[in-house]
Amino acid sequence: MANYEDIFKKVVSHAKEYGYVFQSSEIYDGLAAAYDYGPNGVELKNNIKNYWWKSMVNMHENIVGLDSSIFMHPTTWKASGHIDAFNDPLIDNKDSKKRYRADVLIEDHIAKIEAKIEKDCVKAAKRFGDDFNKDEFVTTNGRILDRQKQIDAINEKMNTSLSSGDLEGVKALIEELDIKCPVSGTNNWTDVRQFNLMFKTQMGATADGSSDLYLRPETAQGIFVNFLNVQKTARMKIPFGIAQIGKAFRNEIVARQFIFRMREFEQMEMQFFVRPGEEMKWYEYWKESRMKWHNSLGMGKEDYRFHDHENLAHYANAATDIEFKFPFGFKELEGIHSRTDFDLKAHQEHSGKKLQYFDPELGESYVPYVVETSIGLDRMFLTVLSHSFREEKLENGETRVILKIPALLSPIKAAILPLTKKDGMPEKAREIMKMLQLDFSCQYEEKDSIGKRYRRQDAIGTPYCITVDHQTLEDNTVTLRDRDTMKQERVSVEKLHSIIAEKVNISKYLA
Ligand code: GAP
């Protein structure tokens, strides 16, 4: 088994064991691509939301929030193009009867070539030692250049076929590359078909289809239809943004990789309304700004990259993904799209209501252009979890499992641990807990040996353990243990609040 699969399996089982993520309806053998967040999971999720909201809404005078409903008037989805164009290309293997996304099969094939390039680099690095220059190697080595040419040619063919709706071309490419079904091992494929990803349901009791509703596949449309409500009531001037966090639903054909691709998930989206013609300036601004946000968490700059889209969605004139290196490779974490005036214009046409802005500086009205930033909350959660999961070999030969979650995002900031259950230590520990719990999420634990409790808190990702012992009762000091260094120091109880506050100070991250 490849090492990354091994690591990913461990992350998934760790997430369950420590109350981060459970399979939905597990007692009924689960429901595919639906997950529940446990006690630690919900805290981490809330902390990610809060970090995003603070940086996007509270730190920008010209961005305000919204919480729109999941159900929307069905014409919304006609106008937005989702009824006609929100499709994935599907292909079935006739032998295994397994269904795949045709573009994902091709992308997986490309990933295999990329893995070969990476292998070549590792080999060369070993051969050349300190003299190895990766950038130079990948731009001059003949074998790598050939592989890269292959990748470019496949991408070009796939994008041309997908953007022109040439499904036969997509199938021909799968055949040309001799892509085989991972289950049956054969290339006995059906034709490629389009499959709409929206979930449909009904409102009220009529059966004639007039009350068909869709579960929203993105939160963005709730923002567009409220554009004027928000602009007028919050007295916003262009350029300005509307941010929203909420659930979205997609009937994904291939739902896999744990919470990476779910059928019910959460998005954190911001639509930024700008003057027509200024969208590219703002697109570049938000690209940089969002990458900075990711890097502010200190989870390794080299694990993020941009991937510009060649095959643009029906509403965009420029788009890029911020990709993160998940255990299964670089994959999309966030999308930044220049959506033109497509959505507002379409809603204007379908509703018959003007969605225009009077620009006092220009003295004219126009339909604003939009730059969108859209990040999947669950994918951000997986980013944090998979980056943080470590198995460390200790000097004494033991292994400790640890989640090195950025302290600001950790579900529990401090664990308060009486050394024993007697001599007034639990009472003192509870007193400390009371002092801290209003500002920081804390956990009180008295069961098991102190060593076992430290390991458990490491596995949860708690940055600080506070141990109350006999000396505490005498001089009001405790042992403060740091999760990452395992160093322990003696500090006075009065200082605890400021030490933890310093560690999780949001302004340090967002500076
Ligand atoms: N409003 C634009 C939009 O929805 P998208 O690229 O389709 O664009 C934005 O989705 C983000 O939502 C993605 O970058 C990803 O993080 C997240 N996302 C999309 N589909 C998802 C799924 N099935 N499961 C989990 N997250 C998903």
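Hi everyone, thanks for coming. Please keep in mind throughout that we are looking at a predicted model.

Let's begin with the seven-stranded sheet. What is the order of its strands? They run S3-S9-S10-S16-S13-S12-S11, in an open sheet with mixed pairing. Strand S3, residues 63–66, and strand S11, residues 304–308, are the edge strands; each has a single partner, so one side of each is left without a neighbour in the sheet. From one strand to the next, the twist averages 25°.

Within that sheet, have a look at strands S12 and S13. S12 covers residues 318–326 and S13 covers residues 329–340, and the two run antiparallel with nine bridges joining them.

H13 lies across S10, S11, S12, S13 and S16, and its direction makes an angle of about 35° with S12. The helix takes in residues 377–388, and Ser-388 belongs to it. Is Ser-388 buried or exposed? Its relative accessibility is 0%, and buried means under 20%, so Ser-388 counts as buried. What does Ser-388 touch, once residues up to four places away in sequence are set aside? The contacts are Ile-402, Leu-403, Lys-404, Ile-405 and Pro-406.

A polar side-chain atom of Arg-250 is 2.8 Å from a ligand oxygen atom. Gln-267 also places a polar side-chain atom by an oxygen atom of the ligand, at 3.0 Å. Then there is Glu-372, where an N or O atom of the side chain lies 2.8 Å from a nitrogen atom of the ligand.

Let's move to another sheet. This one is open and has three strands in the order S5-S4-S6, paired antiparallel. Strand S5, residues 99–101, and strand S6, residues 193–196, are at its edges, and each has a single partner strand, so one side of each is left without a neighbour in the sheet. Here the twist averages 45° from one strand to the next. Strand S4, residues 87–92, pairs with S5 over three bridges, and Leu-90 stands opposite Arg-101 in S5. A helix goes with this sheet too: H5, residues 102–128, lies across S4 and S5, at about 70° to S5.

Next, strand S21, residues 464–468. How many of its residues are buried? Five of its five residues are, so the strand is mostly covered. Tyr-464, Ile-466 and Val-468 point one way, while Cys-465 and Thr-467 point the other way. S21 pairs in the parallel sense with strand S19, residues 414–418, over five bridges, and Pro-418 has Val-468 as its bridge partner. S21 also runs antiparallel to strand S22, residues 477–482, with four bridges. There, the bridge partner of Ile-466 is Leu-480.

Ile-238 and Pro-239 are joined by a cis peptide bond, with omega about 5°. Pro-239 is in the loop between helix H10 and strand S9. Ser-25, which is not a glycine, has a positive phi near 50°. Ser-25 is in the loop between strands S1 and S2, and at 32% relative accessibility it counts as partly exposed. Asp-448 also has a positive phi, near 75°. Asp-448 sits in the loop between strand S20 and helix H15, and with a relative accessible area of 41% it is partly exposed.

That's my tour, and I'm happy to take questions.

Note on methods:
Residues are numbered from 1 along each chain as its sequence is written. This is a predicted model: local features need pLDDT of at least 70, side-chain atom pairs count only at pLDDT 80 or more; totals for chains, interfaces and linings use all residues. Side-chain values use heavy atoms; hydrogens and water are left out. Buried means under 20% relative accessible area, exposed over 50%, partly exposed in between (1.4 Å probe, protein chains only). Contact means heavy atoms within 4.5 Å. Two strands pair if DSSP finds at least two bridges between them. Axes are lines fitted to C-alpha atoms, for helices over the stretch in contact, and angles run from 0 to 180 degrees between N-to-C directions. A polar contact is a pair of N or O atoms within 3.5 Å; within protein, one must be able to donate a hydrogen and the other to accept it, and residues adjacent in sequence count only if both atoms are side-chain atoms.
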